Amino acid sequence: MEVKLVKKVLSVNDTMAQQNRQFFLEKKVLVLNMMSSPGAGKTAILEKTIKRLLPEIKTAVIVGDICTTNDADRLIKTGVPVVQICTDQFGGDCHLAAHVVRNAASDLNLDHVQLLIVENVGNLVCPAEFDIGEDVRIVVLSVTEGEDKPLKYPLMFRVCDAALLNKTDLLPYLDFDKETVLKNIRQIHPDMPVFELSAKTEEGFSDWIEWLKNEVEKKRYE
Amino acid sequence: MHEMGIAMEIIKIVTDSIPKHLKNPKVEKINLKVGKLAAVVPESLRFCFEVVSQNTPAEGALLHIEEIPVNAMCQSCSYSWTAIEPVFICEKCNSGSVDLLTGRELDIVSIEVEEDG
Ligand SMILES: Nc1nc2c(ncn2[C@@H]2O[C@H](COP(=O)(O)OP(=O)(O)O)[C@@H](O)[C@H]2O)c(=O)[nH]1
Ligand SMILES: [Mg+2]
Ligand SMILES: [Zn+2]
């Protein structure tokens, strides 16, 4: 016998993500989901970003990247609350699921927090598929990766709201063709802002920070 | 990569959907829709499914995967087309405001289940 279902395979995660979204809305906190391949510079960008946001914008961080790194230690130095998720405990997952983010968020006091940043697991495939209840999604691509990355991972570049092209300080030493990568990103997501920056020299940070502050403002009056 | 988790999710949904009155139910076929843009590799999904379905009513079930193309529509001129490549710029008017109507599916459509023995 045939049983009709028409059910989303990820409906449990989607439902949980929707509950997270409601919870974050009540807290009036903007949730930013930051994704990239390993080593693109998520943690480095966050260290510099948080410094520029403080004290104006109260920030907290959930780090989901693989536990062996010392990302949380690096971020705690900025003075903001940080929760490290050890994805190993969840079977060495390749992404953060909504319930994992919810558990981590419950370890934070979000009452006076305006911005909650989630550093996702380094991976350009799986995190694109899993809603965590975020408001904005950011993808980081570094100039030491291939220009064709956006074409290889179109879903990631499609679902994100902004892209950060990091490590621009290295451009003089590489054959990386910046115009090609920008063209590839625009093919997939024409309207998406792309911020070219360097977490090392902080060149290009002001436009990114301004965009982010604006997103936080919008959420506050939602 | 996350196909293992997806396979487990499928088995859970399928097991929950088996009509209660069936004795010794055996799932013969699972009909899925997977969009071209979904971050799922059908071959990996099949492999993972085979592993995690062992000793469940879905063991040995055929995974029938219908691949759904990416259909896009321009917000400016309403032109619609099937995107073969990940290029989401309107072919007619060059606008970048394009909606993706299909291509992200990851759905279970139906299951075929019989009584064993
Ligand atoms: N030259 C240069 N190196 C960077 C930059 N951003 C990050 N890195 C380096 O890239 C490596 C990976 O950075 P990390 O922030 O840990 O990446 P994550 O895995 O995405 O969090 C580290 O050695 C950083 O020092 C940058 O803008 N320029
Ligand atoms: Mg990191
Ligand atoms: Zn058009």
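Biologist: What should I know before we start?
Modeller: The model is predicted, so local features need pLDDT of at least 70, side-chain atom pairs count only at pLDDT 80 or more, and totals for chains, interfaces and linings use all residues. Residues are numbered from 1 along each chain as its sequence is written, chains are lettered from A and ligands numbered from 1 in the order in which they are written, and side-chain values use heavy atoms, with hydrogens and water left out.

Biologist: OK, at what angle do H2(A) and H8(A) cross?
Modeller: Roughly 65°, with the axes of H2 (residues 42-53) and H8 (residues 205-220) of chain A coming within 11 Å. Axes are lines fitted to C-alpha atoms, for helices over the stretch in contact, and angles run from 0 to 180 degrees between N-to-C directions. Helices are DSSP runs of H or I, at least four residues, and strands are runs of E, at least two, numbered from the N terminus.

Biologist: Which residues of H2(A) meet H8(A)?
Modeller: A:Ile45, A:Lys48, A:Thr49, A:Arg52 and A:Leu53. Their partners in H8(A) include A:Trp208 and A:Leu212, where contact means heavy atoms within 4.5 Å.

Biologist: Switching to the sheet, what's the strand order?
Modeller: S4-S3-S5-S2-S6-S7-S8 in chain A, an open sheet of seven strands with parallel pairing. Strands pair if DSSP finds at least two bridges between them.

Biologist: And which strands are at the edges?
Modeller: S4 (82-84) and S8 (194-196) of chain A, each pairing on one side only.

Biologist: How many bridges join S2 and S5 of chain A?
Modeller: Five, in the parallel sense, between S2 (residues 30-36) and S5 (residues 115-119). A:Leu30 stands opposite A:Leu115 in S5(A).
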